[in-house]
Amino acid sequence: MQRCHCDHRRSIASAAAVYFKLLFNNNSAMMVSKLLLAFAFCRLMATVGLNMGPAVELSRLGIDGLLTIDPSAVETASIDFGLMTRNSPLAVLHPASADDIARLIRAAVATPEEYGGFTVSARGHGHSINGQAQTVNGVVIEMSSGVGGGRDFPPPPIVSEKEMFVDVWGGELWIDVLKSTLRYGLAPRSWTDYLYLSVGGTLSNGGISGQAFNQGPQISNVLELDVVTGNGELTTCSNEENPDLFHGVLGGLGQFGIITRARIVLERAPQRVRWIRVLYSNFTAFTRDQERLISLHAKPKNEKFDYVEGFVIVDEGLINNWRSSFFSPANPVKISSLKKADGGVLYCLEITKNYHESQSLTVDQEVEALLKELDYIPESVFTTDLGYVDFLDRVHTAELKLRSKGLWDVPHPWLNLFVPKSRIADFDRGVFKGILGNNTSGPILIYPMNKHKWDPRSSAVTPDDDVFYLVALLRSAIDNGEETQSLEYLSNQNHQIIAFCSNEGIEVKQYLPHYTMEEEWAEHFGDKWPEFQRRKMKFDPHHILATGQRIFSPSKSVDMAVSR
């Protein structure tokens, strides 16, 4: 039996060697047509324990990076932060240039129908929740790895002090963008709460944090993009040049192209941050104050806060949880000592004031003037002062703590919703004081944004109200025997929340959306759906890109991703 097994392996290796010799000595059209079958040979050989080396040699395609079937690379590309979906690609590309990406996509386009076709998905830091960056019969491009091009790739961010922008590789992490721009005393204007995300990833969705009420989302702070479309064309686009592609890609969920370069707007970076939290027991007072603060966006800097967020507290442990390096461990906040008159739920308003050290004498006066207009619980003011980078990178600090406890690499059934201002009180009654009970299993963010700060030409969708709220249930499923912390329980609760909104006529929009049927996507995009379809046919007619989003079925016979 052992001899037969060895003979079988030798036969496969011999067949593969002959195949690859034919493959790479034939003309490029023949090579492209058989590329997918080459991947299948490699995977078969790996299955029976053979090793052809870490990479498939694709010099005939002109790819300078590393196309690999290495099991560890495939495994990494098969999972994401959500840990709820697993799909293994045929291969993983570590590009050495944007041209590598273009050549791979052109190969996918050229693959004949009889060979089944293959798809291409771009992966940044792998922070998707539901397998959006995965693919089954295709190649995952690792945009943030930096493996394929050696020392000179990806190119470092290029800062223009005069024009106040930075050009960055699409796979660059925002933390590295920040480090590069701070050398010039500059920083991007709009952020996400977590900086270890790729530029291309957040721009394909929106990119939001507490600055969005004032500066708009990250997609409203982009001047120019380089994009490889689903036709394999490397195209520069902006408001003036190829605007249809530019606006389509921003918030376009990766459907029209892969962002290889972004030109990001910068501002003068502050040095310090005054970080303040105040508590409310009355939801109406809480939202009224949040809405008042974001209405000040057009005021001079000294008459408004720079960041407005908030979160819901339904149990005492939450305020001292993983997001909070804010409170001193020696003096934790005791929720039971505060009045909870509004259904046993408290709400925390989180605000910041950025400043330079030379302004330290005036920042107290500015903060006091803004706080005196708010209707929070008087004894609940908690303040700290820290460096600008420390504030922006606050979630990573908490991540390291969770990793040390084995609580980071767990399933994350997150649900992010945009809720119209006109229905946020109904959402509070039905969800915060209803469906959730007194168990959260993670932070619940809630903060408003101004719709006019979002460019309506982009692919991103928001509710119709002039003001809408992000409600983000950032929960972790832990296998500790408690039903309320299980993945099944939390996932079912998410379904209950969506069903409640539907039954009550609350027209929410999912942020980082996840649907499985085209009808659901059509409802999600609403009036933008016809334009979204048109752009798909124009920029990715073969439906090669980002099939893990499950918006369009591949036009060739490629299987869709499946959840475990």
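Where is the place of Asp464? Asp464 sits in the loop between β16 (444-450) and β17 (467-473), where helices (H or I, at least four residues) and strands (E, at least two) are DSSP runs numbered from the N terminus. This is a predicted model, in which local features need pLDDT of at least 70, side-chain atom pairs count only at pLDDT 80 or more, and totals for chains, interfaces and linings use all residues. Residues are numbered from 1 along each chain as its sequence is written, and side-chain values use heavy atoms, with hydrogens and water left out.

**View 1. Asp464 is an exposed residue of its loop.** Its relative accessible area is 65%; exposed means over 50%, buried under 20%, and partly exposed in between (1.4 Å probe, protein chains only).

**View 2. Strand β17 is covered on both faces.** Here you can find Val467, Tyr469, Val471 and Leu473 on one side, with Phe468, Leu470 and Ala472 on the other, all buried.

**View 3. β17 pairs with β15 and with β16.** Two strands pair if DSSP finds at least two bridges between them. β15 (residues 415-420) meets β17 in the antiparallel sense over six bridges, and Leu417 stands opposite Val471. β16 and β17 also run antiparallel, joined by seven bridges; in this pair, Ile446 has Val471 as its bridge partner.

**View 4. β13 (residues 346-355) is mostly covered, with 10 of its 10 residues buried.** Nine bridges join β13 to the antiparallel β11 (residues 272-280), with Ile351 as the partner of Ile276. β12 (residues 307-313) pairs with β13 over seven antiparallel bridges, and Ile313 has Leu346 as its partner there.
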